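Have the model open as you read.

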Amino acid sequence: MHSLFDTIGASVLVVIFLVLFVLETKLQLRKRVQLRFKRIFINSIVSLPAFMLLRFLMLPIIVFLCQLNLSYHFGFTYLFDFPYWAETIIVFLILDYGNYLWHWLNHKFTFLWRFHLVHHTDHDLDITTAFRFHFGEMIGSVFFRGAISFLSGATPAQVILYEILFEAATQFHHSNLKLPVRFEKFLNYFIVTPKMHGIHHSIVKAETNSNYSVIFSLWDRLHGTMKANINQDSIVIGEPSYSNPEELTVGYLLKMPFKKIRQPTKMD
Ligand SMILES: [Zn+2]
């Protein structure tokens with residue numbers, strides 16, 4: 001089952017990365033404040049341990065749990081007798097809602113925030129930010145996402161397919177891509193767009209405490225955490241207490257969760 005991720009998934013994700021990388025260079029949404037290539041270097045190195053854990057720890061565990069679902073007919077979808085396509089939609093919604101909650105928890109609990117903070121200290125937001133996650137956050141998500149996948153009754157194919165969509169959506173909404181206004185507004189009724197997620201990376205507390213959804217924007221609407229119509233030119237990306245990009249080296253970022261976190265971390 002991992003081959004589905006390694007072949008089709010990896011190819012699709014590389015193509016999406018290259019397309020977005022070129023497009024966000026030509027059609028910029030927010031002005032860059034840092035040297036692009038320095039950030040490509042930092043974000044790629046920071047992402048390596050997290051990526052290894054995703055591929056060699058999280059995916060195998062989740063696939064194993066979903067194989068148990070298949071063997072024991074365990075999980076939410078086994079309570080009903082829906083056709084497979086309907087089950088797939090239900091599973092995608094459950095997994096995506098789980099990721100909304102996981103992201104929200106990362107902002108609410110100091111212990112989890114220590115790790116998620118590394119992602120938010122980026123002073124620009126573009127496709128490379130989509131990879132800037134501390135490996136500790138990945139370990140935490142193994143438990144949370146594993147549990148949600150198990151309880152949902154997902155099959156191995158469904159979780160792998162969702163994971164590919166999840167990674168594609170993460171690349172898309174972190175990108176610095178300027179889309180036609182009406183097209184983005186239309187898309188945003190259904191999915192998280194670059195403008196919507198840009199607000200989440202603002203240094204303003206009320207803006208960061210919004211827009212937690214990953215694929216479907218529905219969850220923020222349901223929870224009243226949706227924020228839109230904020231001018232992207234007025235958004236300053238990052239964390240106010242980590243305003244000096246010079247200190248945010250690869251070593252510093254990897255050690256960050258284990259050090260004292262600077263307060264206040266957000267501007268009101
Ligand atoms: Zn966040």
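## Ground rules

Buried here means under 20% relative accessible area, exposed over 50%, and partly exposed in between (1.4 Å probe, protein chains only). This is a predicted model, so local features need pLDDT of at least 70 and side-chain atom pairs count only at pLDDT 80 or more, while totals for chains, interfaces and linings use all residues. Residues are numbered from 1 along each chain as its sequence is written, and side-chain values use heavy atoms, leaving out hydrogens and water.

## Salt bridges

A salt bridge is a side-chain nitrogen of Lys or Arg within 4 Å of a carboxyl oxygen of Asp or Glu, and the count comes to 10. One of them pairs Asp-122 with Arg-39 (2.8 Å, N to O). Both Asp-122 and Arg-39 are buried.

Asp-122 also bridges to Arg-132 at 3.6 Å, N to O. Arg-132 counts as buried because its relative accessibility is 3%. Elsewhere, Arg-145 and Glu-163 meet at 2.5 Å, N to O. Glu-163 is buried too, at 2% relative accessibility. Through shared partners, salt bridges join Glu-24, Arg-32, Arg-36, Arg-39, Asp-122, Asp-126 and Arg-132 into one network.

## Glu-207, without a bridge

Glu-207 is buried yet has no salt bridge; Lys-227, the nearest side chain of opposite charge, sits 6.9 Å away. For charge, Lys and Arg count as positive and Asp and Glu as negative, with His and the chain ends not counted.
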